[in-house]
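Open the model in your viewer and keep the selection panel at hand. The stops below say what to select and what is there.

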Amino acid sequence: MTKTITIAHGNGGEENNELIKKVFYKHFENDILAKSEDAAVIEDGKLAFTTDSFTVSPLFFSGGDIGKLAVCGTCNDLAMMGAKPKYLTCSVIIEEGFPTRDLEKIVKSMKKELDINGAIVVSGDTKVVPRGSVDKLFINTTGIGEIEYKGLSASHLKDGMSVFVSRDVGTHGATIFAAREGIELESTLQTDCASLYPEVKKLMDSGIEIIALRDATRGGVSAVLNEWAKSSDVCIEVTEESIPVQEEVRGICEMLGFEAVDLANEGTFVLCVAKKDEEKALEVLQETHKTATLIATVSEQYKGKVILNSSWGTKRFLDLPTGELLPRIC
């Protein structure tokens, strides 16, 4: 560990994992926390429990704002454990001088996403701090959901299983970068930020055997795949050309020197199913997004690793992202 915390420690990649394991897990470790899932499964598998903080800059961006991000992020973590979002807390830290009109717009966005999930805010806290103490507005939310589909886990992947993404990747990270830098894009590119419970509910009701779900937020799809490979001690072999990426996102990645699979998403998830359910899973996913696709299969070739197979017949390891990607992305 470095002696001081850097921006890279919050990017969802290698440094972030090191921080969590060497500082927080060192003192807080228990059987529930050690599973490292999107939400903790508690009360004998009846409830899912999660918390998150949101510090995105700018607060308003194409397709969303920090309020929408907060509710979607929390409810999506619950949905990834097969749970229906039920109750949320909402704590806000507001900088002195913040416009009341903007605050109300943000709260209205939160209410809209709460309605989509069928959830309500049942507790909260408000702090106002002197100008300069925070950057405009920070939001913390905690969520509780009722588990409807049991047994989902990143440690249950086995040889031969199929891995999908629910839509094209990297749009949230690309949108935030464009908004932050004032880049005028001649396109309709906007964040993928969305509540995922309705889509997950379709999967749960379809009869598909779902092995694992994970929304690809900080660290993107590459972080999810690496976490799954390590948790299940398997190899995940990705077909590079099958990864769906919008051209605008690809262009921003080329400009930044990043890969789309490393960029944050806020309405895109990774799904693992048994091989027998491959066709049905794709059919259900594409009811919501036509860009949903099969991107990988599980094997035992290099356990604990993710392999990227190119269209040229070459292979390389797809590692956890490192360094400073895009700070303040969520």
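Select Lys201 and Glu148: their side chains meet in a salt bridge, 3.7 Å from N to O (a side-chain nitrogen of Lys or Arg within 4 Å of a carboxyl oxygen of Asp or Glu). Lys201 is in helix H5 (residues 197-205), while Glu148 is in the loop between strand E7 (137-147) and strand E8 (162-165), so the pair links distant parts of the chain, 53 residues apart. Helices (H or I, at least four residues) and strands (E, at least two) are DSSP runs, numbered from the N terminus. Across the whole structure, a search finds 17 salt bridges.

This is a predicted model, in which local features need pLDDT of at least 70 and side-chain atom pairs count only at pLDDT 80 or more, whereas totals for chains, interfaces and linings use all residues. Residues are numbered from 1 along each chain as its sequence is written, and side-chain values use heavy atoms, leaving out hydrogens and water.

Next, select Ser242, in the loop between strand E10 (235-239) and helix H7 (247-256). Not counting residues up to four places away in sequence, Ser242 touches Thr293, Leu294 and Ile295 (contact means heavy atoms within 4.5 Å). The Ser242 side chain reaches the backbone oxygen of Leu294 at 3.5 Å.

Last, select helix H2 (residues 66-79) and helix H3 (residues 100-117). Their axes are 7 Å apart and the helices pack at an angle of about 30°, which makes H2 roughly parallel to H3 (angles under 35 degrees count as roughly parallel). Axes are lines fitted to C-alpha atoms over the stretch in contact, and angles run from 0 to 180 degrees between N-to-C directions. Residues of this contact include Ile66 and Val71 of H2 and Ile106 and Leu114 of H3.

Conventions: A polar contact is a pair of N or O atoms within 3.5 Å; within protein, one must be able to donate a hydrogen and the other to accept it, and residues adjacent in sequence count only if both atoms are side-chain atoms. Angles under 35 degrees count as roughly parallel, over 145 as roughly antiparallel, 65 to 115 as roughly perpendicular and the rest as oblique.
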